[in-house]
Amino acid sequence: MGKTAFITGATSGIGKATAMHFANNGINLILCGRRDNRLKGLQEELSMKVKVHTLCFDVRDKESVKNAVASLPDAFSKIDILINNAGNAHGLDPIEEGSLDDWDAMMDINVKGLLYVSKAILPQMIERKEGHIINIGSTAGKEVYPKGNVYCASKHAVDAINQGMRIDLNQYGIRVGAVNPGLVETEFSNVRFKGDEERAHNVYKGFQPLTPEDIADIIHFVVTRPYHVNIADLVVMPTAQASSTIVNKQV
Ligand code: NDP
Ligand code: 8X3
């Protein structure tokens, strides 16, 4: 019987690519997000390869998170792998001009949402003394960049939570690790710039960014190591990127 992965933010970008990569490698899927039409489309596509269940909820809503996890049918009730991926940046403004709504969104989704989902899934991993949690952090969780303030804070929090989880869950034999990407071309910048496609496109102009498939391939590598091997903290950038602020752009 194949393993089952619970992926948040599976409707787009890194989460979607991970779902597709896992399906190609026989990992059953619980796909989560708010856009149900996308979830259903993916389910239709990937059900030919593996078992797929979808859960449509907002990670900010703690009751919805709890109810969604509790609603899982028997065939999906054992979760081997949790990919805490749902998240986005909202805005890119100096701290004095930042929007309170953007700040709430980033802290509520990237930090609290990750905690709510983990809290709902952890009891079964603790009971079985087995499980693997991958937290999707960012280079923004290692280094702060101009105007990145609150997004960087949210990803620094993910970095701390990743370490804290690994420490506290060590006694249960649960693997915990983070994958921290640099610039990956997804819908990330469209969300950050609130639908301004040109501005979003310009972020990735003049160099070769990572693709969501690059990250999916790495996540699959991480989850397929022998159980005694835990990749605790992995940072990956495009070759053209040296840090959050140094990108070799040919424009
Ligand atoms: P996308 O915008 O393409 O995907 C974001 C995903 O998160 C979507 O599936 C979206 O689904 C989901 N999501 C957002 N808000 C919520 C919410 N409130 N409740 C439930 N799901 C939500 O971006 P990426 O794939 O790039 O981002 C995925 C992760 O990777 C994020 O944590 C991001 O911070 C991180 N990351 C991205 C990098 C990049 O350069 N792209 C680099 C480093 C890290 P839906 O809208 O359907 O709810
Ligand atoms: C996404 C990478 O540099 O756009 O976390 O913040 S960055």
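I began with Asn248, which touches Phe207 and Ala240 once residues up to four places away in sequence are not counted. I note for all that follows that this is a predicted model. Asn248 is found in the segment after E7, and its C-alpha lies 6.8 Å from that of Phe207, although 41 residues separate Asn248 and Phe207 in sequence.

My next entry concerns Asn230, which I located in the loop between H8 and strand E7 (233-236). Leaving aside neighbours within four places in sequence, I found Asn230 in contact with Arg175 and Gly177. I recorded Asn230 as partly exposed, because 16 other C-beta atoms lie within 10 Å, a count that falls between the 12 or fewer of an exposed residue and the 20 or more of a buried one. I also looked up Asn230 against Phe6, and this pair is 224 residues apart in sequence and 18 Å apart in space, C-alpha to C-alpha.

I turned then to the helices, and looked up how helix H1 (residues 13-24) meets helix H8 (residues 212-223): their axes come within 8 Å and cross at roughly 55°. That angle makes H1 oblique to H8, and I noted the crossing of H1 past H8 as right-handed. On the H1 side the contact is made by Gly13, Ile14, Lys16, Ala17, Thr18, His21 and Phe22, while H8 brings Pro212, Glu213, Ile215, Ala216, Asp217, Ile219 and His220. By class, I have the residues of this contact between H1 and H8 as seven nonpolar, four polar and three charged.

For ligand 1 I asked which element gives the most to the shell. I found that H1 does, with three residues, and that H1 and helix H6 (188-192) each supply at least two. In all, 29 residues surround ligand 1, and the closest are Gly9, Gly13, Gly33, Arg34 and Gly87.

My last entry is for ligand 2, around which I listed Ser138, Thr139, Ala140, Gly148, Gly182, Leu183 and Ser244. I asked how many residues of each class the shell around ligand 2 has, and the division came out as two nonpolar, five polar and no charged residues.

Technical notes
Residues are numbered from 1 along each chain as its sequence is written. Chains are lettered from A and ligands numbered from 1 in the order in which they are written. This is a predicted model: local features need pLDDT of at least 70, side-chain atom pairs count only at pLDDT 80 or more; totals for chains, interfaces and linings use all residues. A residue is near a molecule or strand if its C-beta atom, placed from the backbone, lies within 6 Å of it. Ala, Val, Leu, Ile, Met, Phe, Trp, Tyr, Cys and Pro count as nonpolar, Asp, Glu, Lys and Arg as charged, and the others, Gly among them, as polar. Axes are lines fitted to C-alpha atoms, for helices over the stretch in contact, and angles run from 0 to 180 degrees between N-to-C directions. Helices (H or I, at least four residues) and strands (E, at least two) are DSSP runs, numbered from the N terminus. Angles under 35 degrees count as roughly parallel, over 145 as roughly antiparallel, 65 to 115 as roughly perpendicular and the rest as oblique. A crossing is left-handed if the near helix is turned anticlockwise from the far one by less than a right angle, and right-handed if clockwise. Two residues are in contact if their C-beta atoms, placed from the backbone, lie within 7 Å.
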